[in-house]
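Dear colleague,

Please find below the structure I am handing over to you. My findings follow it.

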Amino acid sequence: METYYHPKDLAKFSDMSKGSPQLWDKFMAYYGAVFAEGALTEREKALIALAVAHAVQCPYCIDAYTQSCLEKGSNAEEMTEAVHVACAIRGGASLVHGVQMRNVVNQLSM
Amino acid sequence: MELTLIARGNELASSREQLRRLGSTTSCAAFETRMSAAGLAPLTATGIEVFQINVGKFCNQTCRHCHVDAGPDRTEQMSRETAQLCIRALAGTDIPTVDITGGAPELNANFRWLVEQARGLGRHVMDRCNLSVLLLAPQKDLGQFLARHQVEVVASLPYFRPAQTDAQRGEKVFDKSIAALKLLNGLGYGHEGSGLVLNLVHNPAGAFLPAQQQALQSQFKRELGRRHGIVFNRLYTITNMPISRFLNFLIESGNYEGYMQRLANAFNPAAAAAVMCRHTISIGWDGTLYDCDFNQMLDLPVQAPALPHVKDFDLARLNHRCIATANHCYGCTAGAGSSCGGATA
């Protein structure tokens, strides 16, 4: 079936270097530096990436960072909790905008 | 309990069938091609530092990733005669380390004799232990025996949580492993300065590569200490080799080509140059010589001019032999590398 997303496209990510290799190189250097061990461990960064992948709902990132989390020693319980963090922030973000709704209601109501 | 491939009548019980599958993978170049491109072909030995004896395939567990297809139904066991040939060969060398594996090596009737003889020759001895064997009633004095002979225990524990460990090694194996580790700690194993070395082995519980060894060791030390009060010396991370029962898991779960591609994409020339087979000789239960325990399970003995049986042990011929390779070797060259002593690069 035709679909916008193809699992094999993940391996073609580097095709994005073809249009602008300089920008690609800069992005990849930055990307590599971001995920290197720093104040946070590589394992912790992979868990954050997994949560963000769910927040932005990128199937390529979910695939890649599920594998990455496992290969950095995380387990399914930790990864599920990370996804719940993304879920809580997304849900909370919707809910907190309810304050705007209530502000407008209060402004307009008698 | 899981059944061995042989007990299931699975065609992958045949090493020939395993090699056929490995040779027909569509997701990576032949291992020899990658080694040639890296300037590492032919792969040659650099001397022998580890004398690894596989005393047989009998085991009280049937782990899902086992590269030996070991289990309670396996009857292949090293005889005293072959064990004597091993010690005679060892005595004619100054190879410093004897690594005893299986199966569950402790369940071989000649295990303790081998340990005593090798220690008597002044060699460092390692026991690749599945931990649960220490709790079997006939083995109640095994821990004291190992401690008395200062045998290094290399114990399998894939993870510090029960779910992942039991998924790989069998129901309730985690609880037994923790009990056995506490027993070893009680004897002094794993405590700094005791002289009794307890190292753990992590294999991933699935079709992915192991975590970075040092980082995972820190995690294991923290979690095993916090949850169970257990101490150990080092953690070795070992990549699951795509042979035998793990190969069967890969094929049945639809992960085979993806895993081979993952291994090949992570090919690391530094790890390839440091593979353990270059400084190891592996002896099978029947005395046949192999480059490593994986080649042993694939029935790939040492190549001529090396002589392929321990009765003809010729160190000079073995020291610089060409090593037999095939696509399973990607398992030792991926990422940080993998060996019986953990990461290599």
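Helix axes here are lines fitted to C-alpha atoms, for helices over the stretch in contact, and angles run from 0 to 180 degrees between N-to-C directions. Helices themselves are DSSP runs (H or I, at least four residues), numbered from the N terminus. Please note that this is a predicted model, in which local features need pLDDT of at least 70 and side-chain atom pairs count only at pLDDT 80 or more, while totals for chains, interfaces and linings use all residues. Residues are numbered from 1 along each chain as its sequence is written, and chains are lettered from A and ligands numbered from 1 in the order in which they are written.

As to confidence, the predictor assigns the complex a pTM of 0.91 and an ipTM of 0.76.

Within chain A, helix 2 packs against helix 4 (residues 76-96) at an angle of about 45 degrees, and their axes are 8 Å apart. Helix 2 of chain A is therefore oblique to helix 4 of chain A; angles under 35 degrees count as roughly parallel, over 145 as roughly antiparallel, 65 to 115 as roughly perpendicular and the rest as oblique. The crossing of these two helices is right-handed, that is, the near helix is turned clockwise from the far one by less than a right angle. Contributors to the contact (C-beta atoms, placed from the backbone, within 7 Å) include A:L47, A:L50 and A:H54 of helix 2 and A:M79, A:V83 and A:R90 of helix 4. Its residues comprise 11 nonpolar, one polar and two charged, where Ala, Val, Leu, Ile, Met, Phe, Trp, Tyr, Cys and Pro count as nonpolar, Asp, Glu, Lys and Arg as charged, and the others, Gly among them, as polar.

Helix 2 of chain A also packs against helix 3 of chain A, with an angle of about 155 degrees and axes 9 Å apart. These two helices are therefore roughly antiparallel to each other. Among the residues making this contact are A:A46 and A:A53 of helix 2 and A:I62 and A:Y65 of helix 3. Nine of the contact residues are nonpolar, three are polar and none is charged.

Turning to the interface, nine residues of chain A are in contact with 10 residues of chain B. Helix 2 (42-55) and helix 3 (59-71) of chain A each supply at least two residues of the chain A side. The largest share, three residues, comes from helix 3 of chain A. By type, that side of chain A has one nonpolar, four polar and four charged residues.

Yours sincerely

Conventions: Contact = placed C-beta atoms within 7 Å.
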